[in-house]
Amino acid sequence: MYTQALDIPQQNTEAKGPRTIENPAYQAEFDAKIDAGGYIEAKDWMPESYRKTLVRQISQHAHSEIVGMLPEGNWITRAPTLKRKAILLAKVQDEGGHGLYLYAAAETLGVSRDELLDALHSGRAKYSSIFNYPTLTWADIGVVGWLVDGAAIMNQIPLCKCSYGPYARAMVRICKEESFHQRQGYDLLLTMMKGTEEQRDMVQDAVNRWWWPSIMMFGPHDKDSTHSAQSSRWGIKRISNDDLRQKFVDATVEQAKVLGVTMPDPELKWNEARGHYDFGAIDWDEFWNVVDGHGQGNVDRLAARVKAWDDGAWVREAALEYARKHDARDSRAA
Amino acid sequence: MERKEWPLWEVFVRSRNGLDHKHCGSVHAPDAKLALQVARDVYTRRQEGVSLWVVQADHIVASDPDAKPELFDPAEDKIYRHPTFYQLPDEVNHM
C-alpha cells in the first residue's frame with residue numbers, strides 16, 4: 001500500500017547496517033545489477049542512500065499495515081453476522097501478518113524491530129494517511145476493502161518486482177492475500193445494496209467519504225513527487241503515482257456501476273481521446289494536513305498503538321524471563 | 001535503546017510431503033516453542049505447509065557475499081560436469 005513514504009519529507013530512521021564505504025567498483029557492480037533487472041540481497045553491497053530509502057519505505061509500509069488493523073478492528077465486535085465477523089477477523093489478522101513480513105524485510109537492512117517501533121510510537125515515522133479517517137458505519141468496512149485495499153493492490157503489484165529481494169518476496173506474499181481483502185469488501189457492499197434503502201444510503205455515504213482519500217493514497221502528482229526519479233532509477237518504484245492513480249480510477253468507476261453507487265466527483269467522465277476517465281482536482285491541502293498529523297484520527301490511532309505496546313510489555317518480558325530460566329535449567333542439567 | 005527484544009528466528013516451511021523445507025521469512029520469539037507457534041500464525045494461515053522448522057537466526061552461518069568469486073567461479077569452467085558437454089551419436093543421444 002502505502003508507499004507515500006517516498007514522497008513525504010521526514011527524518012530518516014538511521015540504518016546501522018554493515019559499514020559501507022562508497023566504493024566506485026562496488027557502485028558499478030550495483031548499478032549493473034539494477035540495470036539488468038537483478039535483485040539486491042541483504043548482505044550485498046548497496047549505496048547508503050539506497051539502504052536508507054528502503055528502510056524508510058518498508059518500515060512505513062509495515063507501520064501502515066499494523067495501524068490499518070485499528071479502524072477495522074473497531075468493527076469486529078459489531079459485525080452483523082457470525083460469517084462477517086469471521087471474515088473480518090481473518091482480514092485484520094492478515095494485516096498484522098503483512099506488518100510482520102515487512103518488519104522482517106526492513107530488519108535485513110540492519111535496523112532492529114524495536115528501533116522501528118520506537119520511530120512509529122514517538123511519531124518520527126509516518127504511516128499511510130488513509131488510516132487517520134474514521135470508520136463510522138458497517139458500510140465503511142466494505143468500502144475500505146473495496147477502495148482502500150483496491151488502491152493498495154494497484155500500488156503493491158509493481159513492488160513484487162522491486163530490486164530489493166527481501167522486500168519483493170514479502171510483497172509477493174502480501175499481494176496473494178490482498179485479493180481476498182478487496183473481494184470480501186465488495187461482496188459485503190453488494191449484500192448491503194440488495195438490502196433496504198437505508199443500507200444503500202449507508203454504502204453511498206461511505207463511498208462519498210472514502211473516494212477522495214483513496215485516490216490520494218497514490219501520493220502527490222508526479223511533478224510534485226520529490227523522490228520518484230531516484231526510486232525509479234533504483235527499481236524500487238516501477239510505475240509513477242499518476243499512472244497508478246489513473247489505473248485505479250479507470251478500474252473502480254466500472255465497479256461502482258455494477259454496485260450501483262456514484263463517485264462524489266462531478267468532473268468524473270470518460271475521455272474518449274485519452275481512453276481514460278478524467279477526474280476533478282484533488283484537495284492536496286487536506287492530504288498534507290492529514291500527513292502532518294491533523295487528520296481526524298491521527299492522535300487516537302497513535303495512542304491506541306502505544307497503549308497496545310505498553311500494555312503488552314509485561315507479557316514480552318515474562319516470556320523472555322521464562323525462556324532464560326529454562327535455558328539456565330537445561331544447561332545445569334547438561 | 002534499553003528495550004529487551006525477542007530473538008530472531010528464521011522460518012522454513014515444507015509446503016507438502018515430498019518437497020524440501022524452504023525459507024519463507026522470520027519471526028521474533030522468546031523460545032523455540034513460541035517461535036513455532038508464531039511461525040504457524042504468520043506463515044501458514046492458508047495451509048501453506050505441512051511442516052515447519054525454526055532456527056535461531058544467529059545460529060545460521062552464511063557465506064560472505066564478497067567471497068562469491070572465490071567460492072563459486074571455480075565451477076564456471078568445469079563444463080564437463082554437465083551432461084550436455086558430451087556429444088553422443090544421435091542414436092543414443094537420449095542417454
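Colleague: Is V253(A) buried or exposed?
Modeller: Buried: V253(A) has a relative accessible area of 7%, under the 20% cut-off. Keep in mind that this is a predicted model.

Colleague: Where does V253(A) lie?
Modeller: In helix α10 of chain A, which covers residues 241-259.

Colleague: And how far is its C-alpha atom from that of Y277(A)?
Modeller: The two C-alpha atoms are separated by 8.4 Å. Along the chain, V253(A) and Y277(A) are 24 residues apart.

Colleague: Start with D31(A). Which residue does it form a salt bridge with?
Modeller: R233(A), with the closest N and O atoms 3.8 Å apart. D31(A) sits in helix α1 (residues 24-35) of chain A and R233(A) in helix α9 (residues 228-233) of chain A, so the pair ties together parts 202 residues apart in sequence.

Colleague: How accessible are D31(A) and R233(A)?
Modeller: D31(A) is partly exposed, at 24% relative accessibility. R233(A) is partly exposed too, at 37%.

Colleague: What about R46(B), which side chain does it meet in a salt bridge?
Modeller: That of D94(A), at 2.4 Å from N to O. The pair crosses between chains. R46(B) is in the loop between α1 (32-43) and β3 (51-56) of chain B, while D94(A) is in helix α4 (residues 82-107) of chain A.

Colleague: Why does D94(A) count as buried?
Modeller: Because its relative accessible area is 1%, and buried means under 20%. R46(B) counts as partly exposed, at 36% relative accessibility.

Colleague: What does R274(A) form a salt bridge with?
Modeller: D278(A), with the closest N and O atoms 2.7 Å apart. R274(A) is partly exposed at 41% relative accessibility. D278(A) is partly exposed as well, with a relative accessible area of 23%.

Colleague: Which residues are joined into one network by salt bridges that share partners?
Modeller: E72(A), K91(A), E95(A) and D149(A).

Colleague: Helix packing next. At what angle do α6 and α7 of chain A pack?
Modeller: About 145°, with their axes 8 Å apart. Helix α6 of chain A takes in residues 138-156, and helix α7 of chain A residues 165-193. Their crossing is left-handed.

Colleague: How do the residues of that contact divide?
Modeller: Into 13 nonpolar, nine polar and two charged.

Colleague: Last topic, the surface. Which residues make the nonpolar patch on chain B?
Modeller: I79(B), Y80(B), F85(B), Y86(B), L88(B), V92(B) and M95(B). The patch is about 710 Å².

Colleague: Where does M95(B) lie, and is M95(B) buried or exposed?
Modeller: In the segment after α2 (68-72) of chain B. M95(B) counts as exposed, at 74% relative accessibility.

Note on methods:
Residues are numbered from 1 along each chain as its sequence is written. Chains are lettered from A and ligands numbered from 1 in the order in which they are written. This is a predicted model: local features need pLDDT of at least 70, side-chain atom pairs count only at pLDDT 80 or more; totals for chains, interfaces and linings use all residues. Side-chain values use heavy atoms; hydrogens and water are left out. Patches are made of residues with over 30% relative accessible area and no salt bridge: like charges are joined within 9 Å, nonpolar side chains (Val, Leu, Ile, Met, Phe, Trp, Tyr) within 5 Å. Accessible areas come from the Shrake-Rupley method with a 1.4 Å probe; for residues, only the protein chains shown count as cover. A salt bridge is a side-chain nitrogen of Lys or Arg within 4 Å of a carboxyl oxygen of Asp or Glu. Helices (H or I, at least four residues) and strands (E, at least two) are DSSP runs, numbered from the N terminus. Buried means under 20% relative accessible area, exposed over 50%, partly exposed in between (1.4 Å probe, protein chains only). Axes are lines fitted to C-alpha atoms, for helices over the stretch in contact, and angles run from 0 to 180 degrees between N-to-C directions. A crossing is left-handed if the near helix is turned anticlockwise from the far one by less than a right angle, and right-handed if clockwise. Ala, Val, Leu, Ile, Met, Phe, Trp, Tyr, Cys and Pro count as nonpolar, Asp, Glu, Lys and Arg as charged, and the others, Gly among them, as polar.
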